[in-house]
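Biologist: I am new to this structure and would like to learn how to read its features. Could you take me through it step by step?

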Amino acid sequence: MERKAVFRLTRRLRTMVLNGPLSPFIDGFIESVSQVGYHRMYVRDLIEGTIHFGRYLAAHRLTDLGRLTDRHVQDFVASAPVQLIFGKYLTHSGRAARAAPHVLRYLREIGVTPPATSPLSPPYASLLDEWLIFLRD
């Protein structure tokens, strides 16, 4: 099986990465996304987005990545600019908004960040269950 070429960080990008909490994991992250088969420019965008995400984590004093959760990623993505796609779909744009979920997934795969917790059922779940039973009967 042929192995894909791994993206190499430029000196400028490496310097930017070394200043954040993600620095010990960036090489493994790059290797993992490079193996997927993404275009070289998309991998570069993910890396630059990862740098921005690392800066966000540092600015919010979240340097212990063992405490990183989906909520942190959602808050970060929510802080990204919003763009209208095809005149009707609002989406958060930017490299960083696309990179953060990839980073969280990678950190979970290697055991740095705990697995996702199951979402809590909404307060109306029991009422909805009763309604569904009523409809079936």
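This is a predicted model: local features need pLDDT of at least 70, side-chain atom pairs count only at pLDDT 80 or more; totals for chains, interfaces and linings use all residues.

Biologist: Which elements make up the chain, and in what order do they run from the N terminus?

Modeller: The secondary structure comes to six helices and two strands. From the N terminus on, the order is α-α-α-α-β-β-α-α.

Biologist: How many of the residues count as buried, as a percentage?

Modeller: For this chain of 137 residues, the buried share is 32%. The accessible surface comes to about 9500 Å², and carbon and sulfur atoms account for 57% of that area.

Biologist: How should I read a nonpolar core?

Modeller: The general idea is that nonpolar side chains tend to be buried together in soluble globular proteins. Here, the largest nonpolar core has 27 residues, and those touching the most other members are Leu22, Phe53, Leu57, Leu68, Phe76 and Leu107. Two or more core residues come from each of helix H2 (26-36), helix H3 (40-59), helix H4 (70-78) and helix H5 (95-109). H5 gives the most, with eight residues.

Biologist: Which residues does Phe76 touch?

Modeller: Leaving aside residues up to four places away in sequence, Phe76 touches His52, Phe53, Tyr56, Ala96, Ala97 and Ala100. One of these, Phe53, is also among the core residues that touch the most other members.

Biologist: And how do I look for empty space inside a model?

Modeller: Rolling a probe the size of a water molecule over the atoms shows where empty space is left. A search of the whole structure finds one cavity of 30 Å³ or more. The largest cavity has a volume of about 40 Å³.

Biologist: Which residues line the largest cavity?

Modeller: Its lining consists of Leu22, Phe25, Ile26, Phe29, Thr50, Val103, Tyr106 and Leu107. H2 and H5 are the elements that give two or more residues to this lining, and H5 gives the most, with three. By type, the lining residues divide into seven nonpolar, one polar and no charged. Leu22 and Leu107 line the cavity, and both are named among the core residues with the most contacts to other members.

Biologist: Now for single residues. Is Ser34 buried or exposed?

Modeller: Ser34 counts as buried because its relative accessibility is 5%, under the 20% cut-off. Ser34 is placed in helix H2. Ten residues along the chain separate Ser34 from Arg44, and their C-alpha atoms are 9.8 Å apart.

Biologist: Where does Arg61 lie, and what is its phi value near?

Modeller: Arg61 lies in the loop between H3 and H4. Its phi is near 55°, a positive value in a residue other than glycine. Arg61 counts as exposed because its relative accessible area is 70%, over the 50% cut-off.

Key: Residues are numbered from 1 along each chain as its sequence is written. Side-chain values use heavy atoms; hydrogens and water are left out. A nonpolar core is a set of buried Ala, Val, Leu, Ile, Met, Phe, Trp, Tyr and Cys residues joined through side-chain atoms within 4.5 Å. Buried means under 20% relative accessible area, exposed over 50%, partly exposed in between (1.4 Å probe, protein chains only). Helices (H or I, at least four residues) and strands (E, at least two) are DSSP runs, numbered from the N terminus. Contact means heavy atoms within 4.5 Å. On a 1 Å grid over the protein atoms alone, a cavity is a set of points where a 1.4 Å probe fits but cannot get out, and a pocket is an open set with protein on both sides within 12 Å along at least five of seven lines; lining residues have an atom within 4 Å of a point. Grid points are joined across faces, edges and corners, and a volume is the space filled by probe spheres set on the points. Ala, Val, Leu, Ile, Met, Phe, Trp, Tyr, Cys and Pro count as nonpolar, Asp, Glu, Lys and Arg as charged, and the others, Gly among them, as polar. Accessible areas come from the Shrake-Rupley method with a 1.4 Å probe; for residues, only the protein chains shown count as cover.
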